[in-house]
Amino acid sequence: MSLAAGIVGLPNVGKSTIFNALSNGKAAAENYPFCTIDPNHGIVAVPDSRLNRITALIPTKKVVPTFLELVDIAGLVKGASKGDGLGNQFLGHIKDVNAVIHVVRCFEDPDVVHVEGSIDPERDISIIETELMLTDLSTVDRGVQRFEKAVKSGDKEVIAKLAVFKRAQESLQKGISVRKTITDPADQKLIAELHLLTSKPVLYVANVDDSTIAEDNDAVRTVRKIAADENSGCVKICGKLESELAQLSEDDKKAFLTDLGLEEPGLAILTREAYNLLGLETFFTAGETENRAWTIHKGFKAPEAAGVIHTDFEKGFIKADVYTLEDLEIYKSEVALRAAGKIRSEGRDYVVQDGDLMFFKFNV
């Protein structure tokens with residue numbers, strides 16, 4: 001899938017530390033506001049225990065997870081929409097991603113300067129959101145001007161687009177992001193050509209120190225409330241700790257997590273949440289050669305899912321044999337599943353469900 005989530009925030013909130021830990025990088029972020037001039041791209045494996053459960057029952061030579069593309073975008077500052085702090089360049093990078101992971105600093109550290117001088121999540125989130133909205137307003141203003149001239153033609157699509165553009169314009173003028181106002185899928189399609197920054201779904205990440213892992217501090221509670229008020233997700237992680245975990249072997253990592261009373265790294269939760277934020281799901285193929293997780297958009301039908309494996313599979317699609325992991329764990333093998341009538345034959349109109357195990361039959 002050619003979808004990516006961009007990691008954004010003010011300078012020195014821990015974005016690059018989190019990004020490097022996600023992509024298992026060795027370098028932590030430097031203590032400079034613009035240490036990341038060009039966006040860093042990373043491909044991150046999406047943790048999914050279902051793949052291990054499948055492999056426990058269907059032994060294979062190779063196990064391949066699905067992946068998520070992340071982009072580390074350099075820190076924005078107040079005035080970015082006017083070009084301050086390389087703002088135009090960085091805002092352009094956000095325009096290219098499909099969802100936003102907004103990292104908010106919720107920790108005190110005298111050795112890492114805060115660009116605004118203090119820890120205040122509400123203010124920090126507002127700064128980023130304001131810059132994105134100001135950029136969007138400029139874009140929408142130009143769109144409205146363009147379509148006000150074109151609307152004289154009487155074209156129904158132009159008239160519909162102009163109406164949605166004006167609603168977005170009014171929303172932004174009031175300081176309300178587009179994703180809160182343009183919620184109907186049909187309207188979202190009409191405005192999609194503008195690639196508005198505040199139309200993208202957001203996941204908030206409260207970056208804390210190790211003293212706040214067990215219990216939220218006031219800053220984290222503020223971020224959670226802001227996220228809840230706009231129906232966005234929120235994940236709490238300690239970027240510094242996750243960076244240390246990323247350097248450990250799997251055995252040492254498990255022991256470290258056990259000592260902390262954690263079941264899994266915070267980054268595993270973050271990756272899955274980002275995957276869901278992008279509207280992605282997973283189906284599996286399994287066999288002696290390879291057990292593999294595949295990424296699809298929610299709502300994909302069987303031929304489209306087959307096309308993710310190979311375009312020939314979609315072109316020559318005949319049918320798909322489908323079963324569930326839950327049934328596999330009950331019956332223990334594909335042979336037993338088939339004997340019990342638990343493997344379904346699905347056609348072109350079948351909408352793939354997250355977690356389906358599939359075998360495609362095709363003819364080219």
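Predicted model: local features only at pLDDT ≥ 70, side-chain atom pairs only at ≥ 80, totals over all residues.
Let me begin with the cysteines. How many disulfides does a search of the whole structure find? The search finds 0. A disulfide requires two cysteine sulfur atoms within 2.5 Å. The sulfur of Cys 106 has its closest cysteine sulfur in Cys 234, 7.7 Å away, and therefore too far for a bond.

I turn now to helix H2, which spans residues 49-57. Which of its residues are buried? They are Arg 50, Leu 51 and Ile 54. Viewed down the axis of H2, the buried residues fall within an arc of 100°, so they line one face of the helix. In general, an α-helix has 3.6 residues a turn, so residues three or four places apart point the same way. On the other side of H2, Asn 52 and Ala 56 are exposed. The buried residues of H2 pack against several elements, including strand E8, strand E9 and helix H14.

Finally, the aromatic rings. The structure contains 5 aromatic pairs. One of them joins Phe 147 and Phe 165 edge-to-face, at 5.0 Å centre to centre with 75° between the planes. This pair links helix H4 to helix H5, across 18 residues, and both Phe 147 and Phe 165 are buried. Another edge-to-face pair is Phe 283 with Phe 360, at 5.9 Å and 85°. Here strand E8 is linked to strand E12, and the partners are 77 residues apart. Phe 283 and Phe 360 also belong to one aromatic cluster with Trp 294 and Phe 317. Over the ring of Trp 294 sits the charged end of Arg 292, 4.2 Å from the ring centre.

Note on methods
Residues numbered from 1 in each chain as written. Heavy atoms only, no water. Buried < 20%, exposed > 50% of the residue type's maximum accessible area, 1.4 Å probe, protein only. Helix = DSSP H or I, 4+ residues; strand = E, 2+ residues; numbered from the N terminus. Arc of directions from axis to C-beta. Contact = heavy atoms within 4.5 Å. Phe/Tyr/Trp six-rings, centres within 6.5 Å; stacked < 30°, edge-to-face > 60°. Lys NZ or Arg CZ within 6 Å of the ring centre and 35° of its normal.
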